[in-house]
Amino acid sequence: MHLQCGRFKLSLERPLVMGVVNVTPDSFSDGGLHADPQQALAHARRLLAEGADIIDVGGESTRPGAIAVALDEERRRVLPVIEALAASGVPVSVDTRKPQLMREAIGAGAAMINDVTALSGPAALEAVARTPVAVCLMHMQGDPGTMQANPSYRDVVLEVREYLAGRVAAAERAGIARDRIVVDPGFGFGKTVDHNLALLRSLGKFRSLGGALLAGLSRKAMLGKLTGREPLERVHASVAAALLAVQNGAHIVRVHDVAATRDALAVWLAVKDGK
Ligand code: 7PM
């Protein structure tokens, strides 16, 4: 099995590590250390040296209550980073909800569109359909401003799965083949700790949706609630969560701490099949 990701054909035989690079002044989890494109690029190069397979570049925080970013500003933050990384042969994903930015990012060489609204916005499917890029379709209940106020489900695993099945079907109808589709239950996006734990426990049920399966748990609030630690102190908990996600079927883990995650996965791989 593989993921067609722009000009890259990524094997899903072994877990892939997606390194997070935020170009935002208010990113909760990395202290806004990469507020300008040059710093973000340096951080991306470090994550690549640590063994990242894909770099996810984001210019708009989706943090609960975060302020929306104008297209101009988001463009100024992410396009230079995408261009430079794509030119060095790196598979780059862009974390955005704006169809216009999706088009410009693809023009700049992005290989994946990571949209926390699963291409549900007007013109989002069209922006990516007739291109070679991969898409990450994520589940979110509500919107970033209010999603953590009172998340509620009858059956979180069933409901998230149904939603993602619908978005996969919509993407396929728009002409996006299965081997370009990544699904993601959206840990922390309109979910309590118990919802997140149920999803992590049953992650395997999302593999039958067809595409690759991505899990993003790195430094998230649920890990803070479980350990009592601040975002920058959540490395160990994040590594444990990434490992459990892979054990339960994730093909791709989206992480801040690439080196630590890589080490854990090396041990996991060796136990699994001696490689
Ligand atoms: C506050 C809350 C700030 C959450 C930042 C975040 C995901 C994502 C993000 C994910 C996919 C973060 C998140 N999380 N995209 N973008 N899956 N596909 O921790 O879980 O960076 S933003």
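Predicted model: local features only at pLDDT ≥ 70, side-chain atom pairs only at ≥ 80, totals over all residues.
## Helix 2

Helix 2 runs over residues 71-87. Its 17 residues should span 24 Å at 1.5 Å a residue, and the end C-alpha atoms lie 23 Å apart, which agrees. The helix has a kink of about 30° at V78, shortly before the proline P80. Just after helix 2, G89 has a positive phi of about 80°.

## Buried residues of helix 2

E74, R77, V78, L79, V81, I82, L85 and A86 are the buried residues of this helix. The elements against which the buried residues pack are helix 1 (37-49), strand 4 (54-58), strand 5 (92-95) and helix 3 (99-107).

An α-helix has 3.6 residues a turn, so residues three or four places apart point the same way.

## Helix 1 against helix 2

The axes of helix 1 and helix 2 are 9 Å apart and meet at an angle of about 40°. That angle makes helix 1 oblique to helix 2. From helix 1, the contact involves P37, A40, L41, A44, R45 and L48; from helix 2, it involves R76, R77, P80, V81, A84 and L85. The crossing of helix 1 past helix 2 is right-handed.

## Helix 8 against helix 9

Helix 8 (residues 235-247) packs on helix 9 (residues 258-273) at an angle of about 40°, with the axes 9 Å apart. The two helices are therefore oblique to each other. Helix 8 contributes V235, V239, A242, L243, V246 and Q247 to the contact, and helix 9 contributes A260, T261, A264, L265 and W268. Helix 8 passes helix 9 in a right-handed crossing.

Technical notes. Residues numbered from 1 in each chain as written. Heavy atoms only, no water. Helix = DSSP H or I, 4+ residues; strand = E, 2+ residues; numbered from the N terminus. Expected span 1.5 Å × (residues − 1). Bend = angle between axes of the 7 residues up to and from the residue. Buried < 20%, exposed > 50% of the residue type's maximum accessible area, 1.4 Å probe, protein only. Contact = heavy atoms within 4.5 Å. Axes fitted to C-alpha atoms, helices over the stretch in contact; angles between N-to-C directions. Parallel < 35°, antiparallel > 145°, perpendicular 65-115°, else oblique. Left-handed = near helix turned anticlockwise from the far one by under 90°.
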